Amino acid sequence: MKILASSLCLLLLLQVSVMGETLIVGPGKTYSSLRAAVAIADKGDTVLVLKGTYVSLNTIIDKEITVLGKGYPTLDAQQKEEVVTITANNVKLDGFIIRNSKSGDMRDFAGIRLHRVHNVTVSNNRLINTFFGIYLSDSKNIRVSGNTVKGSREAINSGNGIHSWKCSRVTISNNSISGHRDGIYFEFVNNSLIKGNTSANNHRYGLHFMFSDDDTYRNNTFKNNGSGVAVMYSKRITMLHNVFQENWGSSIYGLLLKDITSSQINGNRFVRNTTGVYMEGCENISVHQNDFSNNGWGLRVLANCVNSTFEKNNFKSNSFDVTTNGSLSLNRFKDNYWDKYEGYDLNKDGKGDIPYRPVSLYAQIIEQIPQSVMLMRSFIVSLLDKVERAIPSLTPESVKDEFPSMKQWTR
Amino acid sequence: MWKIAKYIIFDIIKSKVLIAYTALLALISVSIFMMDTDVTKGLVSISTVVMIIVPLVSVVFATTYIFNASEFTELLVSQPISRKDILLGKYVGIGASILGAFILGVCVPVSLFAFSVTALVLMLVGCLLSLSFVSLAFLAATMTSDKAKGIGLSLMIWFYCAIIFDGLVLLFLFSFNDYPLEKAMIILTSLNPVDLGRVMILLQLDISALMGYTGALYQKFFGSGYGMLFATVFQMVWITVPLLLALRIFKRKDL
């Protein structure tokens, strides 16, 4: 309903702007810079910027106007300032190349900054070599879509690609972010949607969530980020159909969940990560219908997680399916497909007749003595695992799937 | 040398044991791929076979053959041929036949069903293991004088490399857990050709997990081509050193 309302608002906004005047900025036209055009423009006007390169040392858009780029004009801050700041409501900024914002220790210089505004759309821009890409603060009903944010600075001089702080009802869709510190950063952002984005090759997290409740992210791809994706201290997060892949290294996780409650993780794919999902202090999480394949560790669920359910997931070709650090687990595994399951199904109901214990003895050993990684797949290790499976004594008794699926779940 | 090798190859091709070995390997490979649709899982199963069966057959077959052909060797020694040429000729002959069996039995089905980098590494590992265990068989056969002892020794070598060694390493890890063991582990791995082969396959299959290790040395070992290079070079050492030792003994041996 809210999304509908905001899109209606946008439609209205477009109507208004069509009715307003159009100011053309370009070489040899009335206005030679965006700043000059904005100074003259009235509420509801459209500023059309023609192709070319313009110096833009923090151009402030403080009127309710539509700013369109034609043929991707370039706004360049020459590493001296921010590029564009939007401080008015109902602004649309579309079709620019925005580049070379300043780096700073005291201020977060951004490519496009939005501060205390609502109903603003930032779409189809290409941000190149900015410190922070798009910076939203204290705003509502913001749409950020179709932008390409590409950082090219070293880790210490990189800000976040799309940064939002204290916002609500933000929609971030179909953007592509790379080379920044965090691809997408959320802090105190509520009721928002992150959809269809690609966040790859960032220095730290592909997506970083802090204290942000009631958010949804779906159909995103997070690939090869320095530390994967982190979701922390949040409630009621819905994560659907995302892809987490190739997040490699020690303490790097496809998806890190810390102190998360009442959330859903459904239909995601975790491929070739060192650890697919890491859960610490989580409560009431449902992890359903996900694919875990070719990960080092599929799932790592610490003993302080309670009341979570893991159902109908596929575990394929992981070095280790599940590990935990305690002997008691208060979570439930059911109907998962495990490629390492060696049981049988005599009554042909598609469910294995003996429970599967996903925590192997060798996984426990490697936890204590990491150097024993060298013995992986050796005969002695499989022998130990077999013995332990037959007579479990060291692995946690309560971590088991009572009804493992015999067949892989197809999606 | 090449002539001797040629005679030996022709002789071995006629033997039923080698044909049975080729057939067994082919049967295992093909049935694994037929049974499971997941190709990677198939490769994992085949790598287990390669780690256990290939060394066993290589070492036992080679030792037995050397002892069975001892009269032929005596005949050759009486001719004006250097002992070095005789031994190397025998090595080339036996090694080539066993390698041929492995290529027909494993490499061909694997290339047909699951050609990938992992498969290539698996084939390379199998070939190197075959050759190194033939080498060890030569050492066992030249060190001993009668057949029973020779085969016993070669079986011991296999048992040690394939099973006991890893158990000892695990024990070592448990006892010296508090010490930095990274370097020690890499050195220990190089002391066993089967482990070297396994590490090469690990570097393909479990790289996601291996990258989770924190130590700098392991990071370097696993993360770059360094580990692969290291393992291949040491496999080569495991082929040449036992053979050279066998040659040394054979030159002075009273037949």
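View 1. The model shown here, as in every view below, is a predicted one.

**View 2. Two packed helices of chain B, H6 and H7.** Helix H6 (residues 117-143) of chain B packs against helix H7 (residues 147-175) of chain B at an angle of about 145°, and their axes are 8 Å apart. The crossing in which H6(B) passes H7(B) is right-handed. From H6(B), the residues that make the contact are B:Leu136, B:Ala137, B:Ala140, B:Ala141 and B:Met143, and they meet B:Gly150, B:Leu153, B:Ser154 and B:Ile157 of H7(B). By class, this contact of H6(B) with H7(B) comprises 7 nonpolar and 2 polar residues, with no charged residues.

View 3. The unreviewed UniProt entry places the feature "transmembrane region" at residues 12-34, 46-67, 88-114, 120-141, 153-176 and 228-250 of chain B. Two of these spans can be followed in detail. Residues 12-34 of chain B are 96% helix and 0% strand, and the end C-alpha atoms of that span lie 30 Å apart. Residues 120-141 of chain B are 100% helix and 0% strand, with a distance of 32 Å between the end C-alpha atoms.

**View 4. Chain B as a whole.** The secondary structure of chain B consists of 12 helices and 0 strands, and along its principal axes the C-alpha trace spans about 60 × 45 × 30 Å. A compact globule of 255 residues would have a radius of gyration near 18 Å, and the 19 Å of chain B agrees with that value. Of the 255 residues of chain B, 44% count as buried. Among the contacts in chain B between residues at least 6 apart in sequence, 81% join residues at least 24 apart.

**View 5. Chain A as a whole.** In chain A the secondary structure comes to 4 helices and 37 strands, and the C-alpha trace spans about 85 × 45 × 30 Å along its principal axes. Of the 411 residues of chain A, 49% count as buried. Where contacts in chain A have a separation of 6 or more, residues 24 or more positions apart account for 46% of them.

View 6. Most residues other than glycine have a negative phi. A:Ser262, found in strand E27 (residues 253-266) of chain A, has a positive phi of about 50° although it is not a glycine. A:Asn284, which lies in strand E30 (residues 283-288) of chain A, likewise has a positive phi, near 55°, in a residue other than glycine. A:Ser262 counts as partly exposed because 16 C-beta neighbours lie inside 10 Å, and A:Asn284 counts as partly exposed with 16 C-beta neighbours inside 10 Å.

Key: Residues are numbered from 1 along each chain as its sequence is written. Chains are lettered from A and ligands numbered from 1 in the order in which they are written. This is a predicted model: local features need pLDDT of at least 70, side-chain atom pairs count only at pLDDT 80 or more; totals for chains, interfaces and linings use all residues. A residue is buried if 20 or more other C-beta atoms lie within 10 Å of its own, exposed if 12 or fewer, and partly exposed in between; C-beta atoms are placed from the backbone. Two residues are in contact if their C-beta atoms, placed from the backbone, lie within 7 Å. UniProt positions are given in the numbering used here, feature names are shortened, and annotations may be inferred rather than shown by experiment. Axes are lines fitted to C-alpha atoms, for helices over the stretch in contact, and angles run from 0 to 180 degrees between N-to-C directions. A crossing is left-handed if the near helix is turned anticlockwise from the far one by less than a right angle, and right-handed if clockwise. Ala, Val, Leu, Ile, Met, Phe, Trp, Tyr, Cys and Pro count as nonpolar, Asp, Glu, Lys and Arg as charged, and the others, Gly among them, as polar. The radius of gyration is taken over C-alpha atoms; the globule rule is 2.2 Å times the number of residues to the power 0.38.
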